[in-house]
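Hi,

Here's the structure I promised to pass on.

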Amino acid sequence: MGSGSSSTAAPSGPRPQTSIPPINYKSDDANVNRLVQKLSRQSKRRKYPNSTIETSEDDFVERQARNQESVYILKQLYKRMDPAVMKTIGEAKGEVKLSFKYNEKRGALLVKVVCARDLSAKDLRGNTIDPYVKMELIPDSNHEGTKSTRFARKTLHPIYNEIFTFKVTPEELVESIFRAQVLSRDPMGKDDFLGERIIRFSEMNLAETWTSWFELQPETDLNIRGDLEVSLSYKLPDTLIVTVHAATDLLSRDVNRPPNPYVKVIVSGIPKGAETQVQRKTLSPVWEESFEYTLAKEELVDRYVVLHVLDKAMIGDTEVLGQVYIDLTNLDIYNGFTGKFELADLKTSDRVRSQGSQSTTAQEFKEAMYAHSVYKYPYLVFNRNQTGNKIVSVRSRKAGSSAKLRLIDGMPM
């Protein structure tokens, strides 16, 4: 996704990983099936009122609309129990087929969106989605904006064959990147993200038509910027010392205030991480804090350090300002290492996510949410006669989490 670069790194020092393969994060299908069977048995025991079969088209449309509203309520309840539930449902799956060619006479990049295949059924209502492709050229020097294909109806293998143009000079094109996102239209809320592909033109010969299948990947935050200065040293016989010095030119996520940055330090294979102090309202924080980890020198070859730079929110969610990945394979245990690393979005990589970006609890919540939506359970949420003022409350003893949602005539407030 991104790469780190060191301005003072010695040749023998550790190097940031330049390419981390995208995560292949699959849900436990067997667990989902068990949940579905259990909910199915429960729903069969309950006698629903007004259970006569409706056959008219109007009744079908109304029933679908009610189901969409109920699924939205279910999403909001699980999101309040664990916000990570709605960040990624399932995996980025599938491929998109694109063609590129640069028209020198027109000074334009021609992009043909051919089709996509094997997309992920992110819609909780079933295996049908309405996918479309949204594109943008970064940086957008000529203010072309984003462009989108039409919606394909209820398919995991859409065909588009649509052509788009982006005005760009040859010099700008070499420095540009192309983002293609596949999304599914959701009439009840924000469209579902199915996956994206970041394409760089520096290695392409666009004098001829370039056509290829591109594997979809998790979403990447391209707005992250800044550097993190870090020192690594080793004290014999078995102590790794990680020192977080400072950061520069951080991104402010909130336009109304500078960030309150701190760094979370994680060493692979060591379950407990460490955190620096929070520095208030600054884009160039200084920490000068050191953390020690017991680690045999023979194990360095298989270990790495991940540093998460975060913005501590006094109100609301903590924001991610970027990550740094440092491989310990080449660490010189006698001379150590000090250098600056460029911050990047590594949260979608398998190694970084495995250190806590995606929790097991969140995955269990997602599977439970999917199973409940398929079998329209519990009855209180999917009841067709939602009238009056009600409060829906859910609680998970295992996760120690709970959520409440007020419904007024079936609408969440």
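How many bridges join strand 3 to strand 6? Eight, with strand 3 covering residues 131-138, strand 6 covering residues 177-184, and the two running antiparallel.

Before going on, some housekeeping. This is a predicted model, where local features need pLDDT of at least 70 and side-chain atom pairs count only at pLDDT 80 or more, while totals for chains, interfaces and linings use all residues. Residues are numbered from 1 along each chain as its sequence is written, and side-chain values use heavy atoms, leaving out hydrogens and water. Helices (H or I, at least four residues) and strands (E, at least two) are DSSP runs numbered from the N terminus, and two strands pair if DSSP finds at least two bridges between them.

Back to strand 3. Across from it in strand 6, Tyr132 faces Leu183 and Ile138 faces Ile177. Strand 3 also pairs with strand 4 (residues 147-148), antiparallel again, over two bridges; there, Lys134 stands opposite Ser148. Put together, you get an open antiparallel sheet of four strands in the order 4-3-6-7. Its edge strands are strand 4 and strand 7 (192-200), each pairing on one side only.

Then there's Thr149, in the loop between strand 4 and strand 5 (159-167). Thr149 is buried, at 7% relative accessible area (buried means under 20%, exposed over 50%, partly exposed in between, with a 1.4 Å probe and protein chains only). Setting aside neighbours within four places in sequence, its contacts (heavy atoms within 4.5 Å) include Tyr132, Val133 and Met135, plus Tyr160, Glu162 and Phe164. Thr149 and Lys134 are 15 residues apart in sequence but 6.7 Å apart in space, C-alpha to C-alpha.

Cheers
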